[in-house]
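User: I would like to learn how to read a few features of a protein model. Could we go through them one at a time?

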Amino acid sequence: MADLITIEDPDDPRLRDYTGLTDVELRRRREPEEGLFIAEGEKVIRRAKDAGFEMRSMLLSAKWVDVMRDVIDELPAPVYAVSPELAEQVTGYHVHRGALASMQRKPLPTAAELLEGEGAGEGAGHRIAIFEGFVDHANLGAAFRSAAALGISAILLSPDCADPLYRRAIKVSMGSVFSVPYARLENWPADLEKVREAGYRILAMTPSAKATPLDQIPPERFERCAIMLGSEGHGLSTHALRAADEWVRIPMAEGIDSLNVAAASAVAFYATRPA
């Protein structure tokens, strides 16, 4: 059973994992270095635990202690009970959901391990996704949520993509980042050749008029495909487009050139799903 500890000092060193959660640059640097991430809200905390992540501690306002009692009783990690005011002092924002947990990261698989392992899967209709340059955590989280909902088996990230385990990405994904295996490609875009060698056809999503509309592509062309989407501002780079096997696009109304990348990912994942 976890120890339930009431803390009244915002400078208590036991709360260090939760300090400055709104300082994006600090947290981007610190969390991977220290091997932790922050799960926010009851559902997300439970999903992180169910996905096998080890809990370092929990930070709860008083009214959430009873709600999380079953988790508290199962885990050896300490639980810090604080007032909402103290939680805001420590984290830098009003913790609306009243529950935070510091979780231990797992080692990420390499792209080769992911492509070779169970996460990459086998068989007709199997699809993975590739994200280039996703720097907005909300878009990244939303794309992971769509991937989980629409049957994408694994995600590969370019080296400059944001951290899927950053608090906002986790929150927007509603914990879907825990259920879709992912890895980073180290050499971009050269490592796309590894995807092709693993038997995937790389489909580059682009609004270019040279691209084939998704609704004009025979379903068999989506079997064992890797759906590649680019950054929020510029889309896929020229190098990534050149490395693709085929360019595809979402048909648009006249005068509209593109969708938000998170919305585009949902449409692409839906349109390419097995019949």
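User: Is A190 buried or exposed?

Analyst: Buried means under 20% relative accessible area, exposed over 50%, and partly exposed in between (1.4 Å probe, protein chains only). A190 has a relative accessible area of 54%, so A190 is exposed. This is a predicted model, in which local features need pLDDT of at least 70 and side-chain atom pairs count only at pLDDT 80 or more, while totals for chains, interfaces and linings use all residues. Residues are numbered from 1 along each chain as its sequence is written, and side-chain values use heavy atoms, with hydrogens and water left out.

User: Where does A190 lie?

Analyst: Helices (H or I, at least four residues) and strands (E, at least two) are DSSP runs, numbered from the N terminus. A190 is in the loop between β8 (182-184) and α9 (192-197). Its C-alpha atom is separated by 9.0 Å from that of A240, and the two residues are 50 apart along the chain.

User: How many salt bridges does a search of the whole structure find?

Analyst: Side chains of opposite charge can pair when their charged atoms come close. A salt bridge is a side-chain nitrogen of Lys or Arg within 4 Å of a carboxyl oxygen of Asp or Glu. The search finds 20 of them. One joins the side chains of E25 and R28, at 2.8 Å from N to O. E25 and R28 are three residues apart in helix α1 (residues 24-34), which means that about one helical turn separates them. R28 is partly exposed, because its relative accessibility is 37%.

User: Which residue forms a salt bridge with R30?

Analyst: That residue is E34, with the closest N and O atoms 3.0 Å apart. Because they are four residues apart in helix α1, R30 and E34 are also separated by about one helical turn. R30 is buried at 7% relative accessibility, whereas E34 is partly exposed at 28%. Both belong to a network of salt bridges that links R16, D17, R30, E34 and R56.

User: What does the salt bridge between R105 and D163 tie together?

Analyst: The closest N and O atoms of R105 and D163 are 2.6 Å apart. R105 lies in the loop between β5 (99-104) and α6 (111-116), and D163 in the loop between β7 (155-157) and α8 (167-173), so the pair ties together parts that are 58 residues apart in sequence. Both R105 and D163 are buried.

User: Which residues is H137 in contact with?

Analyst: Contact means heavy atoms within 4.5 Å. Leaving aside neighbours within four places in sequence, H137 is in contact with R28, A162, D163, Y166, R168 and A169. H137 is found in helix α7 (residues 137-149) and is buried, with a relative accessible area of 7%.
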